[in-house]
Amino acid sequence: MKRLQPQRWSSSVLSPQVRAGCRLQRRIQHGLRYQTTTTPFPVTEAEAKQPIQDLVPPPKKRSSRSAISKHSLPSPPVKAARESAKLAALHARLYLPARLPLETLARTLVDESADPNPDFNNESLATLGHDLLTQYTSEYLICTYPRLPMTVIFAAMYAYVGPKTLSAMVKEWGVELAVAPGGEVDPGHLQFKRLDPGVNPNQPLKNPNRPYENEATWRRSISSKIVYDDVFGEPVRASVDPRQQVQSADRYAAGVTPEQACSQFVRAVLGAIYLHAGRPAAKRFFEQHFISRHLNISDLFNFREPARDLSRLCARENFEPPYAKILSETGRLSRHPVFVVGIFSGKDKLGEGSGSSLLEARSRAAVASLKGWYLYSPLNVRLPNSMEEEGAAPWKPVHVDLGEVIV
Amino acid sequence: MRPSVRLLNLEVPSIHGARSLYVCSVCRHEARPRPIVARQFLRNASSANSLTEKVRRKIWGTDNPPGLKDPYGGEGVIERKFKNKHAQTVVEEETPEASQALDTAASEDAAPAADDYEPATTWEGLDRVGHLGRWFDIAPAATEVYESFQVKKKITKQGLLSLAAHQTVVELCLMHKLGKPLTSICEVVEHDQSVFKLIWKTKIVPASNGQWTAALEYPDKEAEEALVYIFEQVGGQNVAPEIEEVTQDVDVEDARSDTTDIVDMDGSKQPFFGYQRTRDNGFLSLSLDDPATKFAFLKRFSQLTGHFFPDPAVHSITTVQQVVDYVQNLAKPKPKKLAEYLANNPRYQSMPNVKVFAKRQKRSDRDEELGRKKLIEAELRARGLIE
């Protein structure tokens with residue numbers, strides 16, 4: 001498997017003092033991927049425990065900025081990060097690696113709407129963090145549940161790394177939101193420009209790349225969502241056309257919602273960990289804070305006609321056509337009868353369900369059968385990103401099913 | 001039955017007129033107006049129109065029955081006293097028929113008016129009291145200049161405090177010995193240098209019985225005579241010339257040689273002529289149990305050092321040592337504030353998640369930390385409420 005190196009791209013992230021050109025150049029660099037044979041980040045434990053002072057030269061003093069008052073800056077100065085008790089407390093609370101300096105943590109707390117300068121906001125870190133998050137989560141979901149329908153995968157992705165989840169995590173982490181961004185604000189607060197009152201934050205977004213975008217009443221298929229929409233199956237905000245990015249300074253002039261700012265912050269933290277402490281630390285952070293959250297995937301299903309879906313599924317998989325049998329019943333003539341119905345394919349029982357009527361019991365049994373199929377999870381799941389480690393065992397292809405039944 | 005004064009006061013308000021006198025609710029209830037028959041018995045038995053008097057007259061069949069005028073002995077002691085007191089203060093409130101006696105008393109008190117008295121209609125020609133304006137331009141008289149009893153600058157050095165205590169002890173011992181009033185030593189604000197040297201050379205050997213008279217140990221007989229002679233003059237009019245006569249034979253150069261380099265060139269400005277420490281510490285164990293001695297000691301000591309002794313401190317002091325200790329405790333630096341202590345504590349300095357503020361954090365600081373302050377100020381400025 002090819003290793004991806006974010007070295008050139010990350011140079012502007014690691015050294016905020018360097019003005020790495022405008023956003024346009026960075027966007028072009030973003031598209032380039034470089035192949036390398038060496039890993040730029042520590043992979044061994046001893047290397048990872050090395051303090052940051054030995055590896056990163058101390059940040060140079062910005063002489064031009066020292067004379068400027070704090071109130072004229074759009075975001076807190078870099079040197080304020082060392083004086084903030086809240087930032088140090090957050091660093092310790094999240095158990096972040098020592099190689100991640102407080103200055104970078106302070107930078108992850110500055111949203112793009114607060115400071116449009118890409119050298120001082122968290123936009124680049126959040127982009128990296130978002131890619132990592134979605135990659136790790138989708139790998140985990142697809143490899144753990146190889147037969148999940150696409151809609152359930154979208155829902156599970158949203159539940160694991162969606163903006164609502166990320167903003168809830170920010171609340172759990174104890175990060176306070178600043179009222180307004182500025183140089184005098186404590187760097188331990190999440191800073192972003194809030195939406196003006198009266199602005200609707202839920203305006204429908206339009207993606208110009210998508211065909212028939214203006215046909216509001218047309219159905220949007222799952223396949224088109226996979227192609228055109230984001231990882232949650234929701235319309236993306238805009239394209240990343242560099243010609244349009246020039247006006248991005250006023251893109252956030254109206255401000256962002258706290259939810260957007262919080263999710264950007266969490267993504268930026270993961271990106272910062274990846275850049276400063278390396279891939280193992282980022283994976284550990286992902287496991288400890290994201291995958292460890294409990295999500296009952298069987299609740300995400302929503303079947304309209306489970307019996308029909310099940311018969312189609314059996315036909316697709318060359319099983320015998322399913323049929324329902326009453327396994328037991330009680331009180332048929334009473335006010336509260338209970339029927340237990342099993343669905344069989346040949347001699348194999350696919351599922352069983354109980355209900356107060358025969359139809360209800362049959363559809364419940366069909367749902368149970370379908371969930372039993374879709375929620376299959378192989379033993380000893382191995383994720384593709386385990387191949388990034390040194391000395392990994394040879395990769396055996398994982399089983400990924402065809403997906404849901406299309407009726 | 002003779003009713004009490006208070007009830008009397010309520011029932012016959014025209015006589016005493018002390019409405020403000022407190023009457024408890026029970027008594028007030030008792031003193032309510034009653035049917036006439038019942039009220040007649042409550043009246044003062046000594047009055048001429050009382051029921052008993054009427055019955056008495058009826059029995060004897062004459063207006064002047066034999067026997068005592070008032071068989072009950074007239075008004076009681078308290079009533080008489082009460083009446084006299086009120087006659088002087090409350091005059092005008094009394095109704096005319098009830099205050100005949102009071103009127104006479106008041107007329108005796110009033111001073112007879114002069115015949116040529118003419119009430120003034122304007123302020124012109126009246127005597128002036130004080131300065132009506134521009135009094136601050138008038139130069140102060142010699143009597144109006146304030147001179148502090150104590151020295152102007154407080155003495156805090158330990159050696160100088162011991163010197164002051166030693167000098168005070170020596171002076172008071174001499175005053176004890178001469179039988180003079182102890183506090184009269186305070187009239188001598190500062191001794192001549194030669195006299196001070198004699199005092200300085202004198203040792204204190206506290207006797208076992210704590211007597212101040214026998215505690216002095218002079219360097220020689222001559223010094224003893226000189227000191228006794230000097231202190232006999234204390235309290236008199238002319239002290240300084242006598243001192244000079246007596247102390248001519250004292251060798252000044254000798255005194256200089258004792259203190260050598262400690263004494264400055266102009267020793268006059270320095271307290272205690274540049275002497276820095278006492279020769280012995282025997283005076284510290286002297287007892288201050290005698291209140292007169294304690295008072296005299298503290299007065300003289302505070303005159304010499306400039307320190308004030310509050311009453312609780314005076315009460316707890318029993319020896320000279322305690323006096324010196326008390327003054328030295330005053331001179332100690334103030335205890336540090338907790339914030340300074342925490343800010344200088346290396347333990348908290350090394351903790352990155354602990355921040356110690358030197359100042360109290362107020363709501364505006366919190367606002368600034370959250371970035372809210374600039375919004376508030378901008379809004380206030382927009383409304384013209386702040387500049």
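Arg82(A) is partly exposed, because 14 other C-beta atoms lie within 10 Å. The scale behind that word counts C-beta atoms, placed from the backbone, within 10 Å of a residue's own: 20 or more others make it buried, 12 or fewer make it exposed, and partly exposed falls in between. Arg82(A) sits in the loop between α5 (63-66) and α6 (85-93) of chain A. Helices here are DSSP runs of H or I with at least four residues, strands are runs of E with at least two, and both are numbered from the N terminus. Pro101(A) is 19 residues from Arg82(A) along the chain, and their C-alpha atoms are separated by 9.3 Å.

This is a predicted model: local features need pLDDT of at least 70, side-chain atom pairs count only at pLDDT 80 or more, and totals for chains, interfaces and linings use all residues. Residues are numbered from 1 along each chain as its sequence is written, while chains are lettered from A and ligands numbered from 1 in the order in which they are written.

Now to the interior. In soluble globular proteins, nonpolar side chains tend to be buried together. A nonpolar core is a set of buried Ala, Val, Leu, Ile, Met, Phe, Trp, Tyr and Cys residues joined through C-beta atoms within 7 Å. The largest such core has 74 residues. Those touching the most other members are Met157(A), Leu190(A), Phe265(A), Leu270(A), Ala272(A), Ile273(A) and Ala282(A). Helix α13 (residues 258-277) of chain A supplies the largest share of this core, 12 residues. Domain 1 (7-57 + 68-298) and domain 2 (301-374) of chain A both contribute residues, so the core lies between them. These domain bounds come from an automatic or database domain assignment. A second, separate core of 39 residues includes Val188(B), Trp200(B), Leu227(B) and Leu284(B).

Leaving out residues up to four places away in sequence, Ala272(A) touches Leu100(A), Thr104(A), Leu105(A), Thr108(A) and Leu125(A). Contact means that the C-beta atoms of two residues, placed from the backbone, lie within 7 Å.

Next comes a sheet in chain A. It is open, has 3 strands in the order β1-β2-β3, and pairs antiparallel. Strands pair if DSSP finds at least two bridges between them. The edge strands, each pairing on one side only, are β1 (322-330) and β3 (348-355) of chain A. Neighbouring strands are turned by 20° against each other on average, direction ignored. Such angles are taken between axes, which are lines fitted to C-alpha atoms (for helices, over the stretch in contact), and run from 0 to 180 degrees between N-to-C directions.

β1(A) is joined by 8 bridges to strand β2 (residues 338-345) of chain A. Here Lys325(A) has Gly342(A) in β2(A) as its bridge partner, and Pro322(A) stands opposite Ser345(A). β2(A) and β3(A) pair over 7 bridges. Val340(A) has Ser354(A) in β3(A) as its bridge partner. The hairpin of β2(A) and β3(A) has 2 residues between the strands, and Gly346(A) takes a positive phi near 70° there. Helix α16 (residues 358-374) of chain A lies across β1, β2 and β3 of chain A, at about 135° to β3(A).

Chain B has 19 helices and 2 strands. Of its 387 residues, 19% count as buried. Where do the chains meet? In chain B, 11 residues are in contact with 14 residues of chain A. Two elements of chain B, α18 (363-370) and α19 (373-382), each give two or more residues to that side. α18(B) gives the most, with 3 residues.
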